[in-house]
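Please look over the sequence and the structure shown below before reading on.

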Amino acid sequence: MPVSLIPSFLLYCFVVGITPGPANLCSLGAALRYGRGPALRQWQGLLCGSFLDAMGAVLVSWLLGTALDQYTGALSWVGAVYLLWLAWHILHPNSAGPGRDPAAPSFRTGLLVNLTNVKVILFCISALGSYVLPYSRSFWALLAVGLLLPLIGPACNLVWLLAGASLQKLFARHRRAADIGMALSLALCAVSLVWPH
C-alpha cells in the first residue's frame, strides 16, 4: 500500500470500527446489564474472534482473491440468524432456564459474535482487497495489514463497553427499555445483513 493511502486506510478502519454493529452493540449491552468485568471477558472473545476473522481474511484474500464474493451471501444469513438469537435472549433472559442466560457476556459469547459477524469479515476482506491487493499480492504484505485489523475493531468495541459501564446505573432504572432497544438494534443489524440480498 502506498504511504499516501495510509490516512485513508486508517479513516476507513476507524469509521467501520466505531459505527454500530453487532460487536459494538453486544459490548454496550453487556456493560449496561452486567457491568465492566463480565463485559471485559466478552471483549476478550471479541478480540480473539476479530483476530481469527482477520487471519482468515488474509488467507482467503491471498488464495482466492475476488472469488470469495460468491460466499458472502451465506455468511450474511448465518450472522443474521445468530444476531436474532442474541436479540431473543436479551429480551427473554430466563428462556434458557432459571439462572442461565445464554446471551450473558463470556469469552465464548464474544468469540461467537465476531466469528459470525459479517461486518467484521467483510471489513477485513474489503480492507485487504482495497488497500493491499491492488498494490501487492505478497502474503507478507497481506499479513502485515491483517495483523493491524484485529486491533482496530476491538479498540472501538472497548469504547462502547466503557460507555455502557459508565451509563450502567442510569440504565438500571430503565432496564426493560434498554433491553428492548438493544434487541431491536441487533435485529436491525440482522435485517441489514440480508436485506435486500
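## The lining of a cavity

Sorted by class, the residues that line the second largest cavity are 7 nonpolar, 8 polar and 1 charged. The model in which this cavity is found is a predicted one, and a search of the whole structure gives 2 cavities of 30 Å³ or more. The second largest cavity has a volume of about 150 Å³, and 16 residues line it, with G17, K119, V120, G153 and N157 lying nearest its centre.

## The chain as a whole

The protein chain has 9 helices and 0 strands, and reading along the sequence therefore gives the pattern α-α-α-α-α-α-α-α-α. Of the 197 residues in the protein chain, 46% are buried, while the accessible surface of the chain comes to about 10000 Å², with 72% of that surface belonging to carbon and sulfur atoms.

When contacts in the protein chain are counted between residues at least 6 apart in sequence, 84% of them join residues that are at least 24 apart.

## A buried loop residue, N117

N117 is placed in the loop between α5 (107-115) and α6. Is N117 buried or exposed? N117 counts as buried because its relative accessibility is 3%, and the cut-off for buried is under 20%.

The side chain of N117 makes a polar contact with the side chain of N114, at 3.2 Å. If residues up to four places away in sequence are not counted, N117 touches P22 and A23.

## An exposed loop residue, P20

P20 is placed in another stretch of the chain, the loop between α1 and α2. With a relative accessibility of 52%, P20 counts as exposed, because the cut-off for exposed is over 50%.

Which residues are in contact with P20, once its neighbours within four places in sequence are left aside? They are K119 and W160, and K119 is also one of the residues that lie nearest the centre of the second largest cavity. P20 and S185 are 165 residues apart along the chain, and their C-alpha atoms are separated by 8.7 Å.

Definitions and conventions:
Residues are numbered from 1 along each chain as its sequence is written. This is a predicted model: local features need pLDDT of at least 70, side-chain atom pairs count only at pLDDT 80 or more; totals for chains, interfaces and linings use all residues. Side-chain values use heavy atoms; hydrogens and water are left out. Helices (H or I, at least four residues) and strands (E, at least two) are DSSP runs, numbered from the N terminus. Buried means under 20% relative accessible area, exposed over 50%, partly exposed in between (1.4 Å probe, protein chains only). Contact means heavy atoms within 4.5 Å. Accessible areas come from the Shrake-Rupley method with a 1.4 Å probe; for residues, only the protein chains shown count as cover. On a 1 Å grid over the protein atoms alone, a cavity is a set of points where a 1.4 Å probe fits but cannot get out, and a pocket is an open set with protein on both sides within 12 Å along at least five of seven lines; lining residues have an atom within 4 Å of a point. Grid points are joined across faces, edges and corners, and a volume is the space filled by probe spheres set on the points. Ala, Val, Leu, Ile, Met, Phe, Trp, Tyr, Cys and Pro count as nonpolar, Asp, Glu, Lys and Arg as charged, and the others, Gly among them, as polar. A polar contact is a pair of N or O atoms within 3.5 Å; within protein, one must be able to donate a hydrogen and the other to accept it, and residues adjacent in sequence count only if both atoms are side-chain atoms.
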